[in-house]
Every structure is written in C-alpha cells, then in structure tokens.
Amino acid sequence: MNLTSAVPLRPGPGPGPDAGPGPRPAAASAAALTLAASAAGLRVLSSAQWPESAEDRAAPAIAGFVVSSFSPLAAEAARRCLLRGPGSDPGPGPASDPAPAPGRPEDAGRPVTAVVMVSPLGDLAGAAHVAEAVDEGARIGPLLFFQAVPNAVAGHVAARWQLTGPVVCVADTATAMTVSALLLADGDAEEALLIRVDQAHTPDGPDRAAAVLLGPGPLPAPEPQLHEGEQP
C-alpha cells in the first residue's frame, strides 16, 4: 500500500537547472529534471515530457478527473516515462493503453517504485474553477474535492502501474530530488518516479509536465587494497 507523506514545501538550496547564465530549460521538462537529478547524484533511467511534439495538444483524459488538465498531464508524462523504463515493452497501441495487469509472473521481480509529485502551485485550473463557482453561487462537483490535492493523481498513477513504494508530494524540484535520494538510500524504494506539472499562468500559456524514473547514482570505485610494503 502506498503511503502519503508531507515534507516542507520550502525550496531547497544547491545547484540545479536554474543556476548559471544562458538559456534554461523549462522547469517541467525532461532536460531540467535530468540536470537536477545529475546535481543530486541520481541516475535517470528514462524520461518523458508533455508536450513532445506538435501532436501533443491535449493530454488524454482519465476517468474520475474533470475540468482541469493537471491530473491528465501528470498521468500521461508518467505513462510515457514508465513505458520507456528498463525492461519495458511499449508495443503498439493508443495513449490510453491499460497498465500491465497485476499478478503476472514477471511482475514478481518488479522494483519497488516510489512516486514523487512536484508542483509549485498545484492544480491552478481546478482552483480557478472552484473559485468562480463559489463567486457565482454554483454547485461544485464532488470530484473536484477528490482531485484538489496532487496526491490524488499520484495515487492514480501508483495504482494503475502497480507501483508499491511511498507516495510523496512536494512543491519544488530540489526538494523532490532530495526526497527521492533519501527514499533510495534508506531502502524505501529501488526506483523513484518523479513527476512535475506546471500549468499555464496565462490563458495563452502552455501547460507542461515531465517525468523521470530515477535510480541510485553509480557506486564509487572501490579503493585499492594495499599490502604490506606497498606505498599508497
């Protein structure tokens, strides 16, 4: 069973994709998450983002989530990333292909994978819709209460893909990398699926999402063994 954890939502210091001069990748991009993972000493096993091409205009809808693009963006970035992970066989099929069925013999050796959701501002479109409904005295659909927190879609991803590690939601990439590294180092998970979603702040702005599947960094080379009489 997945556990939902809370960690401080204060951005952490340290190097990251936003450091240094020159052009910087969008925060919710595979390039930005890969840079941040490298700075945190983690390996990127696979990555994906939305959009990836001109054909990416609206993320595929998912049952139980309405009004906002936030959850569909997270689910689609996760789907692409997991299908590109080690040992995966994406095969032909539409974007809504179901997840691997639980209980298959080959699932027994699947790594324990944590889900780490990153979103500085959360579901902007959903929050705006609720605010407008309250101002107008309109009825608010019950599904909006369910999806009001990012761990709703994180749980959806974990259940859909049979991910059995912890579920954590934080507000910035640096904290997400720190949490992922701690989960891997403590043995709570063997992999961490990190998903970041940034919805547009303006009506004409793009919605973005990205995901990386993380593993521990490379092991350090063993120190040479010195024998009696040898110099270091």
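These entries go from the strands to the cores and end with one serine.

**Entry 1: the model.** I noted before anything else that this is a predicted model.

**Entry 2: strand 3.** I asked which strands pair with strand 3. I found six bridges to strand 5, and the two strands run parallel. Strand 4 is joined to strand 3 by four bridges, again in the parallel sense. I picked out a partner on each side: Met117 is paired with Ile195 in strand 5, while Val118 stands opposite Val170 in strand 4.

**Entry 3: the faces of strand 3.** Next I looked at where its side chains point. Thr113, Val115 and Met117 go one way, whereas Ala114, Val116 and Val118 go the other. I remembered that side chains in a regular strand alternate between the two faces of the sheet.

**Entry 4: strand 6.** I then followed the antiparallel pairs. Strand 5 pairs with strand 6 over seven bridges, in the antiparallel sense, and Leu194 has Val212 in strand 6 as its bridge partner. Strand 2 is joined to strand 6 by eight bridges, also antiparallel, with Gln49 partnered by Ala210. I counted seven of the nine residues of strand 6 as buried, so strand 6 too is largely enclosed by the rest of the structure.

**Entry 5: the cores.** How many residues does the largest nonpolar core have? I read off 30, and those with the most contacts inside it are Met117, Leu163, Leu193, Ile195 and Val197. Among the elements that each supply at least two residues of this core are strand 3 (113-118), strand 5 (191-198) and helix 5 (151-160). Helix 2 gives the most, with eight residues. Another core, of 20 residues, lies apart from it and includes Leu33, Ala37, Leu42 and Ala114.

**Entry 6: Ser46.** I finished in strand 2, where Ser46 is found. Its relative accessible area is 7%, so I marked Ser46 as buried. What does the side chain of Ser46 reach? I found the backbone oxygen of Cys81, at 2.8 Å. Beyond its close neighbours in sequence, the contacts of Ser46 include Arg84, Gly85, Ala211 and Leu213.

Key:
Residues are numbered from 1 along each chain as its sequence is written. This is a predicted model: local features need pLDDT of at least 70, side-chain atom pairs count only at pLDDT 80 or more; totals for chains, interfaces and linings use all residues. Side-chain values use heavy atoms; hydrogens and water are left out. A nonpolar core is a set of buried Ala, Val, Leu, Ile, Met, Phe, Trp, Tyr and Cys residues joined through side-chain atoms within 4.5 Å. Buried means under 20% relative accessible area, exposed over 50%, partly exposed in between (1.4 Å probe, protein chains only). A polar contact is a pair of N or O atoms within 3.5 Å; within protein, one must be able to donate a hydrogen and the other to accept it, and residues adjacent in sequence count only if both atoms are side-chain atoms. Contact means heavy atoms within 4.5 Å. Two strands pair if DSSP finds at least two bridges between them. Lists of a residue's contacts leave out its neighbours within four places in sequence.
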